[in-house]
Amino acid sequence: MTIFVKNKHTLQIDEFKFRCCIGKKGSTKNKEEGDKKTPQGTFKIENLYFRKDRKKKPSTLLKCIEINKSMGWCNDLRFPKKYNKLITIEKKIKHEKLKRKDYKYDYLIPIKYNFKKPKSGKGSCIFIHLTKNYKPTAGCVALKEKDFLIILKLIKKNSKIKIF
């Protein structure tokens, strides 16, 4: 099963089409940290992370991981061994907090872009997450919660995402 991100407003799985939003500056083959672009290509997806304090565990075949306040995703170029990986938050390491005050990461799925042997500076924290207003992201793919929950029922561990 492949999730297709056809353009900056359309995500498709089989015959289902959903409205989405991507990076503020579109998509690119040459992603760089902080460029506000969504990476192009075909990528595996990771587990589902969710806020148990706000949401119930959804119906999905993905492994579900509860987000806690010590979880971060490293985007610090100075730490190549931790770059673009889930970390326990440390003050000295720049990171994206997974437990946010807003709703955007109540459900999130990391996209395995720059993942196996991450290269510092080539982009990190590329997620499928929630939006309420379809405002462009910093490079992620975002959907309304009702659509995200439908997609969770359709995808499996071996599903891929193809971003054009």
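Let's start with Lys116, which sits in the loop between strand S12 (107-110) and strand S13 (127-130); strands here are DSSP runs of E with at least two residues, numbered from the N terminus. Keep in mind that this is a predicted model, where local features need pLDDT of at least 70, side-chain atom pairs count only at pLDDT 80 or more, and totals for chains, interfaces and linings use all residues. Residues are numbered from 1 along each chain as its sequence is written, and side-chain values use heavy atoms, leaving out hydrogens and water.

Is Lys116 buried or exposed? Lys116 is exposed because its relative accessible area is 77%, and exposed means over 50%, buried under 20%, partly exposed in between, with a 1.4 Å probe and protein chains only. Together with Lys44, Lys112 and Lys160, Lys116 forms a positive surface patch. Patch members have over 30% relative accessible area and no salt bridge, with like charges joined within 9 Å.

On to salt bridges, meaning a side-chain nitrogen of Lys or Arg within 4 Å of a carboxyl oxygen of Asp or Glu. How many salt bridges does the structure hold? There are eleven. In one of them, Asp35 and Lys31 meet at 2.5 Å, N to O, and both residues are buried. Arg78 pairs with Asp76 at 2.6 Å, N to O; here Arg78 is exposed at 56% relative accessibility, whereas Asp76 is buried at 2%. Lys82, Glu90 and Lys92 are linked in a network of salt bridges.

Last stop, folks: Asn75, in the loop between strand S9 (71-74) and strand S10 (86-88). Asn75 counts as buried because its relative accessibility is 18%, and its side chain reaches the backbone nitrogen of His95 at 3.2 Å.

Terms used. Patch = residues over 30% accessible without salt bridge, like charges linked within 9 Å, V, L, I, M, F, W, Y side chains within 5 Å. Areas by Shrake-Rupley, 256 points an atom, 1.4 Å probe, with all protein chains shown as cover. Lys, Arg positive; Asp, Glu negative; His and termini not counted. Charge placed at Lys NZ, Arg CZ, Asp CG, Glu CD. Helix = DSSP H or I, 4+ residues; strand = E, 2+ residues; numbered from the N terminus. Polar contact = N/O pair within 3.5 Å; in protein donor to acceptor, adjacent residues only side chain to side chain.
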